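Please study the sequence and the structure before working through each solution.

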Amino acid sequence: MSASRNDELIRRPHPRLRPFVADYAGYDIAGVPAGTHLGLPSGTLTFIVSIDEPLCQVDAVTGSREHFDVLLAGLHLRSTLIAHPGAMSGIQINFSPSAPRAFFGIPAAEFAHYSVDVARISRPLAAELHERVNLETEWSARFAAIDDVLMRTLDDTNRPRTEVADAWHRIVGSRGGLPVSVVAEDVGWSRRHLGSQFRSEFGIGPKDAARIVRFDRARRLIPSSRRSMVEIAQLCGYADQAHLNRDFQDFVGLSPSRWLAADDVARTHTVGSDSVGAASARG
């Protein structure tokens with residue numbers, strides 16, 4: 001999801017929540033042609049509370065549509081398709097991969113590669129979040145309501161295994177630059193054992209996690225930066241621009257330039273939060 005970046009629409013959560021939530025990103029998008037927006041892979045789980053109209057997700061294969069008042073999308077390696085009539089409004093809560101344990105008592109792997117209606121996990125939580133956010137008209141009050149609901153739900157003793165959490169922290173801290181073998185050595189496990197435990201917790205392997213962290217940073221810089229694609233590729237740890245283009249093809253199915261040309265929301269709005277590493281998987 002995308003959001004105009006300004007002080008009113010981006011907010012850090014209450015300090016007690018920050019190990020699990022990077023930030024809240026409000027979006028109030030209007031005046032773009034009706035169409036579709038691509039929800040791209042990122043280093044956080046996407047937790048969205050819609051405002052006014054439900055969020056509409058489209059199955060790219062069947063064309064079927066599903067509507068969400070409150071959505072949680074796990075870590076994923078392919079883009080998702082969101083239909084809109086030229087306007088969208090809501091709040092994106094950027095969850096660390098440890099957050100599903102802390103708030104729902106289940107690992108992030110349970111949501112990997114798909115989106116779920118939060119009412120199926122916790123109907124009271126979903127109902128209260130949606131009702132309270134939609135009752136407020138000021139962004140600050142909406143963010144405060146989310147703080148209140150999440151703090152009453154939080155169990156910060158429910159965390160991933162230390163080694164798995166530390167592995168995620170090292171990958172994010174290096175911006176995806178550390179080889180998996182080094183990460184495994186740092187946490188005291190073999191590369192194979194790390195891969196197995198990491199997938200069991202997060203639903204993706206450490207190599208894919210590093211790729212997503214690099215890609216996430218690059219795709220946030222592309223719409224708003226005056227840097228060239230070569231400079232962005234170098235800054236984000238890619239071997240060259242061709243390497244960056246290959247990741248875009250894998251994750252989006254398009255080159256960076258074709259992505260921007262095809263997605264009016266991505267082209268005209270700064271993409272969400274760039275604080276992927278702000279919430280640690282340590283919890």
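The exercises below treat ring pairs, a ring cluster and charges over rings in this predicted model.

**Exercise 1.** Classify the aromatic pair formed by Tyr-24 and Phe-143, and state which elements the pair ties together.

*Solution.* 
Step 1. A search of the whole structure finds 12 aromatic pairs, and Tyr-24 with Phe-143 is one of them.
Step 2. The centres lie 5.9 Å apart, and the angle between the planes is 20 degrees. Planes under 30 degrees apart count as stacked, so the pair of Tyr-24 and Phe-143 is stacked.
Step 3. Tyr-24 belongs to strand S2 (residues 21–30) and Phe-143 to helix H3 (residues 139–153), so the pair links parts 119 residues apart in sequence.

**Exercise 2.** Determine whether Tyr-24 and Phe-143 are buried or exposed.

*Solution.* 
Step 1. Buried means under 20% relative accessible area.
Step 2. Tyr-24 has 0% relative accessibility and is therefore buried. Phe-143, at 1%, is buried as well.

**Exercise 3.** Classify the pair of Phe-248 and Trp-259, and locate both residues.

*Solution.* 
Step 1. The ring centres are 5.6 Å apart and the planes meet at 45 degrees, so this pair is tilted.
Step 2. Phe-248 lies in helix H9 (residues 241–251) and Trp-259 in helix H10 (residues 256–262), so parts 11 residues apart in sequence are tied together.
Step 3. Phe-248 is buried at 0% relative accessibility, and Trp-259 is buried at 1%.

**Exercise 4.** Which residues form one aromatic cluster, and over which ring faces do Arg-142 and Arg-214 lie?

*Solution.* 
Step 1. The cluster consists of Phe-20, Phe-47, Phe-95, Phe-103 and Phe-104.
Step 2. Arg-142 lies over the face of Trp-139, 4.6 Å from the ring centre. Arg-214 lies over the face of Tyr-238, at 5.8 Å from the ring centre.

Definitions and conventions. Residues are numbered from 1 along each chain as its sequence is written. This is a predicted model: local features need pLDDT of at least 70, side-chain atom pairs count only at pLDDT 80 or more; totals for chains, interfaces and linings use all residues. Side-chain values use heavy atoms; hydrogens and water are left out. Rings of Phe, Tyr and Trp (its six-membered ring) pair if their centres lie within 6.5 Å; planes under 30 degrees apart count as stacked, over 60 as edge-to-face and the rest as tilted. Helices (H or I, at least four residues) and strands (E, at least two) are DSSP runs, numbered from the N terminus. Buried means under 20% relative accessible area, exposed over 50%, partly exposed in between (1.4 Å probe, protein chains only). A charge sits over a ring if NZ of Lys or CZ of Arg is within 6 Å of the ring centre and within 35 degrees of the ring normal.
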